[in-house]
Amino acid sequence: MKKVAFYTLGCKLNYSESSSIGRMFEDKGYSKVEFNETPDIFIINTCSVTENADKKCRKIVREAQKINPDGYVAIIGCYAQLKPKEISEIPGVDAVLGAAEKFRLVELIDTFEKEPGNHPAQILASHIDDAVDYHTSYSLNDRTRTFLKVQDGCDYPCAYCTIPLARGKSRSDTIANVVTAAMDVAARGVKEIVLTGVNIGDFGIQSGEKKETFLQLIQALDEVEGISRFRISSIEPNLLTDEIIEFVAQSKRFVPHFHIPLQSGSNKTLSLMRRRYKRELYAERVEKIKTLMPDCCIGVDVIVGHPGETEELFLESYQFLNELDISYLHVFTYSERENTTAIAIKPVVPKSQRADRSKMLHILSEKKKRYFYEQQIGKQGTVLFEDEVQNGQMLGFTENYIRVAVKYDPLLINETKTIRYDHLNGEGLMEVTELNEEILAH
């Protein structure tokens, strides 16, 4: 029995796909092991969002060669689709598979035998227009929660982004298939499902036609027994409708947590980025959420240093974010990507300024997060505890994404508990008391 190991870089979507491809290998009789357990086959699922994709990929390949010099190394993922020739020249790589081929990995390469000596890697990467099939994917046994893919690809050509080139056009699963997958996950004892995709608000496109909607999807999932809660990973502000917000506010299983990409709080910068909304719409969405769900957690993606972002425009964006009732930021420093329109925009922001702006927003994010946490002290929440321990304490998240620390108890893993928020500890984690007044951590 050959052993196969996966190393996954990037987003929740990649994790869901790695897990599903791993199950395909297990169905064929392979043994799935950890990366350091001397596997016969290494599968590296890559990301292309940052400029470090090449460095990360090379480093992992080197580590694989140290663990097993005779191990077969295959590269999949966004970076593999964008630059297959470049990856094929990395010493130690045996195969590179593109977006249309990765789910056929186990059948396309049925021997996985490493050729002796130096040899060119096998490239199996079609043009991205050939990536038209949809593959249901979800993670299992990797975390307490499951990442369930409901949509793939993107039809939004943002100036800075290569994802449409790496994943193809927007396409979706059917509601019936997603519900079936959710029921399978529930049968395995998983309590939380995170819905993921490239542009999940665009859910419903099948064979090039819009046949269903994201609202219809979440309405159907809300009826799935056995799942305690569903979480929406990220949704574009122009696709986050009032109807979706209103449904989540009164739903049985969808939690009060939204992650909504903004990218910039300056309308001029948003226009340069070719985003499909203005900041006024974003502010309306935040206000609507907070009106219906005052304790809702709202996360925000922001890019700093995009070409054309002057100091004045950055400060305009900063001030907009500072005044928004949001809970945390995911800050991305702009990096040049081939085949994007952003690289032709002037002026280019020096990397030192990009770093300074990133630092300012990281500090703002910590302030926002702390303020949001402090507003919850004295209130009640429900924690799903994870199999993660730090300094003798185990961690978990509440429905509105507050990270909680309690004294380690193995009986709490994958269990939900109603708690009262007590205070923040030195690491910025919320410590809590159970409602029966048993002190878990104080």
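1. Cys57 is buried, with a relative accessible area of 0%. (Buried means under 20% relative accessible area, exposed over 50%, and partly exposed in between, with a 1.4 Å probe and protein chains only.) Cys57 sits in helix α2, residues 53–67. Helices (H or I, at least four residues) and strands (E, at least two) are DSSP runs, numbered from the N terminus. Leaving aside residues up to four places away in sequence, Cys57 touches Thr46, Ile75, Tyr79 and Ile90. Contact here means heavy atoms within 4.5 Å. Cys57 and Tyr79 are 22 residues apart along the chain, and their C-alpha atoms are separated by 8.9 Å.

2. A word on the basis. This is a predicted model, in which local features need pLDDT of at least 70 and side-chain atom pairs count only at pLDDT 80 or more, while totals for chains, interfaces and linings use all residues. Residues are numbered from 1 along each chain as its sequence is written, and side-chain values use heavy atoms, with hydrogens and water left out.

3. Confidence. pLDDT is the predictor's confidence in each residue, from 0 to 100. The protein chain averages 92, and 97% of the residues score at least 70. Residues 436–442 need care in reading: pLDDT stays under 50 there. For that stretch the model has 17 contacts beyond four places in sequence.

4. Cysteines. How many disulfides does a search of the whole structure find? It finds zero. A disulfide is a pair of cysteine sulfur atoms within 2.5 Å. For Cys158, the closest cysteine sulfur is that of Cys161, at 6.1 Å, too far for a bond. Cys158 counts as buried, at 11% relative accessibility. For Cys296, the closest cysteine sulfur belongs to Cys297, at 6.8 Å, again too far for a bond. Cys296 is buried, at 0%.

5. Aromatic pairs. The structure holds 13 of them. Rings of Phe, Tyr and Trp (its six-membered ring) pair if their centres lie within 6.5 Å; planes under 30 degrees apart count as stacked, over 60 as edge-to-face and the rest as tilted. Phe25 and Phe112 make a tilted pair, 5.7 Å centre to centre, with 50° between the planes. Phe25 lies in helix α1 (residues 12–27) and Phe112 in the loop between α5 (105–108) and β6 (122–124), so the pair ties together parts 87 residues apart in sequence. Phe25 is buried at 0% relative accessibility. Phe112 is buried too, at 3%.

6. A stacked pair. Phe230 and Phe254 are 5.2 Å apart, centre to centre, with 20° between the planes. Phe230 belongs to strand β14 (residues 229–232). Phe254 belongs to the loop between α9 (242–250) and β15 (257–263), and the two are 24 residues apart. Both are buried.

7. Further ring features. Phe6, Phe25, Tyr30, Tyr72 and Phe112 form one aromatic cluster. Two charges lie over ring faces. Lys149 is over Tyr134, at 5.0 Å from the ring centre. Arg276 is over Tyr156, at 3.9 Å from the ring centre. The criterion is NZ of Lys or CZ of Arg within 6 Å of the ring centre and within 35 degrees of the ring normal.

8. Salt bridges. Side chains of opposite charge can pair when their charged atoms come close. A search of the whole structure finds 30 salt bridges. Each is a side-chain nitrogen of Lys or Arg within 4 Å of a carboxyl oxygen of Asp or Glu. Glu338 and Lys83 meet at 3.3 Å, N to O. This pair links distant parts of the chain, 255 residues apart. Glu338 is in the loop between β17 (328–333) and α13 (351–376), and Lys83 in the loop between α3 (78–82) and α4 (84–88). Glu338 is exposed, at 52%. Lys83 is partly exposed, at 26%.

9. A buried salt bridge. Glu192 and Arg145 meet at 3.2 Å, N to O. Glu192 lies in strand β11 (residues 192–196) and Arg145 in strand β8 (residues 145–149), so the pair ties together parts 47 residues apart in sequence. Glu192 and Arg145 are both buried.

10. A salt bridge within a helix. Arg370 and Glu374 meet at 3.5 Å, N to O. Both lie in helix α13, four residues apart, about one turn of the helix. Arg370 is partly exposed, at 42%. Glu374 is partly exposed, at 37%. Elsewhere, salt bridges that share partners join Glu17, Lys102, Lys149, Asp152, Arg167 and Arg171 into one network.
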